[in-house]
Amino acid sequence: MVSIATLGSHCALQLLKGAKDEGLETLLICEKKRERLYRRFNFIDKLILVDAFSEILEQKCESILQKNNSVLIPHGTLIAQMDSKQIESIKTPIFGNKHILRWESDRALKEQLMKEAKLETPKSVPNPKEINGLVIAKRHGAAGGKGYFLASNENEYNKKRDQLIKEGMINGDNDLYLQEYTSGVLAYLQFFYSPLKNELEFFGVDKRHESDIDGLSRIPAENQLNTDTISSFNVIANSPLVLRESLLDDVYTMGENFIEASSKLVPPGMNGPFCIEGVYDENAKFTSFEFSARIVAGTNIFMNGSPYTTLIYNEPMSMGRRIAREIKQAETENKISKIIT
């Protein structure tokens, strides 16, 4: 039987607890500095201690994973720590389509896939000289909002860009993607697609709390931070949301369109967990500014299931457990090649 492995960060606890609930062996690639934390949890069967997560590319780590017949579950830390070429070179089987992770990490490819999926998206700004309203500057990859900033004109953009260069977070303009800022109710829509059942499941909704942007709303306008200061969008926590039921039909349509588009542009397409991220405006119209082509940390809220998994399952179902169940089913039906790359 296969075992489940992941990196010790992001949503590792949820993933391995879910795997253990499904009766699978669990392995954690764990940085030595975090060993004390993960030793606390008895559902983790084995720890592979490393100095850096990049050691997953080395023969020693690969041999342990191969010996344990492991399937690696990717999450945001994998994308943040490694480039797409490194991820695609991993020899351990990866759950889902590892090739689509490159499309998540590259802003231009991400925009192309979102347009193919017919998602309503904010306008991208190709050049800082074209800024004529509020924009958000984003780093490529799964940065978790760190280093993002707002700018209203080219001069403001240049000052904040230069500050990031000084801090060593970026090298220049090519490391940033500019997009018109869209305000509204933040909503991160969590899905799971099973190619075994050819079925889309809507799993839950979360909102992310970002420091120190969240705190600005509690400060009078005249006392808010100077416009030249970078206000962090670094994600600190998540909280659950429940959508108006009338919105759900459009939610499923967005998910289905995303699956169809990814199948066309990045064969074999999207399978497993993904997230469409955006805002609802005053007319309940959804504008999507991101997608994540793997499990997101917001699913940690729902370790015992969400209001939406309750509609599908008569038992607690986390995203981690759903992944493990898909892997078990694929192995039982001799279809494991259909869900891994």
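Which residues lie nearest the centre of the largest cavity? They are Pro74, Phe95, Gly96, Ala293 and Arg294, among the 15 residues that line this cavity. The model is predicted, so local features need pLDDT of at least 70 and side-chain atom pairs count only at pLDDT 80 or more, while totals for chains, interfaces and linings use all residues. Residues are numbered from 1 along each chain as its sequence is written, and side-chain values use heavy atoms, with hydrogens and water left out.

Rolling a probe the size of a water molecule over the atoms shows where empty space is left. Here a cavity is a set of points, on a 1 Å grid over the protein atoms alone, where a 1.4 Å probe fits but cannot get out, and lining residues have an atom within 4 Å of a point. Grid points are joined across faces, edges and corners, and a volume is the space filled by probe spheres set on the points. There are two cavities of 30 Å³ or more.

The largest cavity holds about 90 Å³ of space. Its lining has ten nonpolar, three polar and two charged residues. In this division, Ala, Val, Leu, Ile, Met, Phe, Trp, Tyr, Cys and Pro are nonpolar, Asp, Glu, Lys and Arg are charged, and the others, Gly among them, are polar.

The second largest cavity holds about 70 Å³. Its lining includes Arg107, Lys110, Glu111 and Met114, as well as Tyr177 and Phe289. Helix H7 (107-116) and strand E7 (176-180) each give at least two lining residues, and H7 has the largest share, with four. Helices (H or I, at least four residues) and strands (E, at least two) are DSSP runs numbered from the N terminus. By class, this lining has four nonpolar, two polar and three charged residues.

The loop between strand E8 (185-194) and strand E9 (199-212) contains Lys197 and Asn198. Lys197 counts as partly exposed because its relative accessibility is 38%, whereas Asn198 is exposed at 61%; buried means under 20% relative accessible area, exposed over 50%, and partly exposed in between (1.4 Å probe, protein chains only). Beyond its neighbours within four places in sequence, Lys197 is in contact (heavy atoms within 4.5 Å) with Arg322 and Gln329.

Most residues other than glycine have a negative phi, and most peptide bonds are trans. Asn198 has a positive phi, near 50 degrees. Ala284, in the loop between E11 and strand E12 (286-292), has a positive phi of about 60 degrees. The peptide bond from Pro267 to Pro268 is cis, with omega near 5 degrees.

Key: 1 Å grid on protein atoms, 1.4 Å probe; cavity = no way out; pocket = protein on both sides within 12 Å on 5 of 7 lines; lining within 4 Å.
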